[in-house]
Amino acid sequence: MQPPKNAADFAFRPADALDIPVVVRDFDAMRRPAAKLWQDATAPWPGVADIPPYGNYLVSTTWRQVLLAAKGVGRDLTPWLRRTPWLAVNELVSRVAPLQAYLRLKDVAAPGHAAGRRLFVNALYQFGSERSAHAAFGYHLGMTMAHWLCAGMAGLGRTWHLEAQGPGGLPGFTDPAAKLPDLWGNHHMSGMPWLIEAKAARTLGAGVLKNGKIQLDGGSALMLGMRHRQVLCGTSLPGRKDGKWEEEHLFLDVHTAHFPGTTGGTDTAGGGPEGDAEEFVAEDPEALMAVTRQQLMTYQALAFGAVENLRLVPMSRERGSRERHRTGSLTLLEHDEPSVDLRRRLRAEGVHTEEAVTPRADASGFVAARIPGTGIHLGLSRRVYSACAALHRAQSDIPDVPDTRDVVRGPARRRRDCKPHRPPAHELPLDAAAVDR
């Protein structure tokens with residue numbers, strides 16, 4: 001089989017805009033006959049604050065927001081990466097590469113407020129991968145889109161895997177035999193914990209969704225009267241066996257309900273304003289710590305991993321408006337007017353070296369690099385980069401807990417030195433190309 005003639009157009013750019021239909025319903029709707037409600041989705045997403053009322057929404061977002069969700073969902077790897085931080089690059093590749101390998105963007109008719117492009121699977125997924133690969137990709141895509149919806153589009157903030165810890169330190173959530181949901185998080189506005197179950201299938205039938213509700217109910221039974229919210233996020237994985245696979249695009253079927261309870265609020269463990277933390281990094285130490293914990297893996301990739309094109313990108317010291325756009329929690333750099341204006345002035349003044357930028361009162365730096373094999377660039381402000389370096393050093397000094405399990409161990413090996421082999425941020429080359437943008 002030959003690849004499609006326009007296969008080269010499948011490559012994603014981070015700023016690509018796209019639309020994802022999202023149907024928001026209550027759990028009773030699972031018992032009614034299935035209807036293709038996503039076909040009637042035209043209402044724009046109201047904003048990044050909460051899941052909106054029941055209805056059919058056409059959510060315009062960016063590929064960068066989807067990549068952020070893929071990077072952010074997953075188990076907390078701190079216990080392992082503090083000893084092997086160079087593996088952070090491997091983990092980032094594993095989270096991002098499957099989406100780029102099997103998805104593509106395709107133009108579709110859309111209302112004026114929408115982007116006019118949606119996510120489809122490509123020929124490699126449809127014809128070049130076996131069923132087991134489809135199952136693995138479905139799990140990864142389902143988890144990514146659940147995190148995209150809750151954390152990126154509904155203001156939830158950080159999520160945790162329930163198999164690692166439960167809300168507020170409640171017992172029972174780490175039982176491997178229990179039927180429990182996938183994720184939990186604490187909403188930054190209400191302080192209410194959310195239990196999240198992610199499902200992905202070619203056909204989101206009642207059976208798939210009911211199994212998700214059983215898992216959510218299993219988590220609710222362990223909440224011990226704590227107020228919380230259930231969110232069942234079903235992702236319809238495109239692709240059909242009848243030859244019409246190019247006509248079906250990705251959409252989400254979301255079921256949600258509140259459980260009043262008698263206790264709960266902002267005092268739940270892991271809670272706090274992490275969804276809005278980046279807005280307060282400059283003046284709030286707790287917000288800086290929240291962002292530092294979230295970005296630690298990115299720092300470990302930049303400082304220890306085999307990244308490419310490590311450089312310093314000039315940015316304005318005056319942060320632009322952090323107004324929440326309907327496209328997601330991210331404020332795109334190209335929309336940050338102070339930085340755009342700064343780069344225009346640097347270009348006019350002929351400034352192309354870091355030595356000329358550092359003394360300026362109006363300029364700061366953003367440490368960035370390209371993650372190999374993905375085509376994406378990740379970075380951190382110098383303030384967050386320094387905070388992550390301090391947190392990594394503190395965690396590396398924590399002694400290992402002896403493993404008392406009765407297992408056969410191989411010969412001891414010398415631990416690799418975990419000191420960064422990257423130059424300090426003030427010695428990185430200035431990205432002249434960024435000045436010219």
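Which strand does Asn309 lie in? Asn309 sits in strand E11, residues 308–316 (strands, E, are DSSP runs of at least two residues and helices, H or I, of at least four, numbered from the N terminus). This is a predicted model, where local features need pLDDT of at least 70, side-chain atom pairs count only at pLDDT 80 or more, and totals for chains, interfaces and linings use all residues. Residues are numbered from 1 along each chain as its sequence is written, and side-chain values use heavy atoms, with hydrogens and water left out.

**Positive phi**
- Asn309 isn't a glycine, yet its phi is positive, at about 55 degrees.
- Asn309 is partly exposed, with a relative accessible area of 42% (buried means under 20%, exposed over 50%, partly exposed in between, with a 1.4 Å probe and protein chains only).
- Leu224 isn't a glycine either, and has a positive phi of about 55 degrees.
- You'll find Leu224 in the loop between helix H6 (206–220) and strand E9 (228–236), and Leu224 is exposed, at 60% relative accessible area.

**Helix H5**
- In H5, 18 of the 23 residues are buried.
- Gly155, with a positive phi near 75 degrees, follows H5.

**Aromatic pairs**
- There are eight aromatic pairs (rings of Phe, Tyr and Trp, using the six-membered ring of Trp, with centres within 6.5 Å; planes under 30 degrees apart are stacked, over 60 edge-to-face, the rest tilted).
- Trp38 and Phe251 make a stacked pair, 4.7 Å centre to centre with 15 degrees between the planes.
- Trp38 is in the loop between strands E1 (17–25) and E2 (43–44) and Phe251 is in strand E10 (residues 251–259), so this pair ties together parts 213 residues apart in sequence.
- Both Trp38 and Phe251 are buried.
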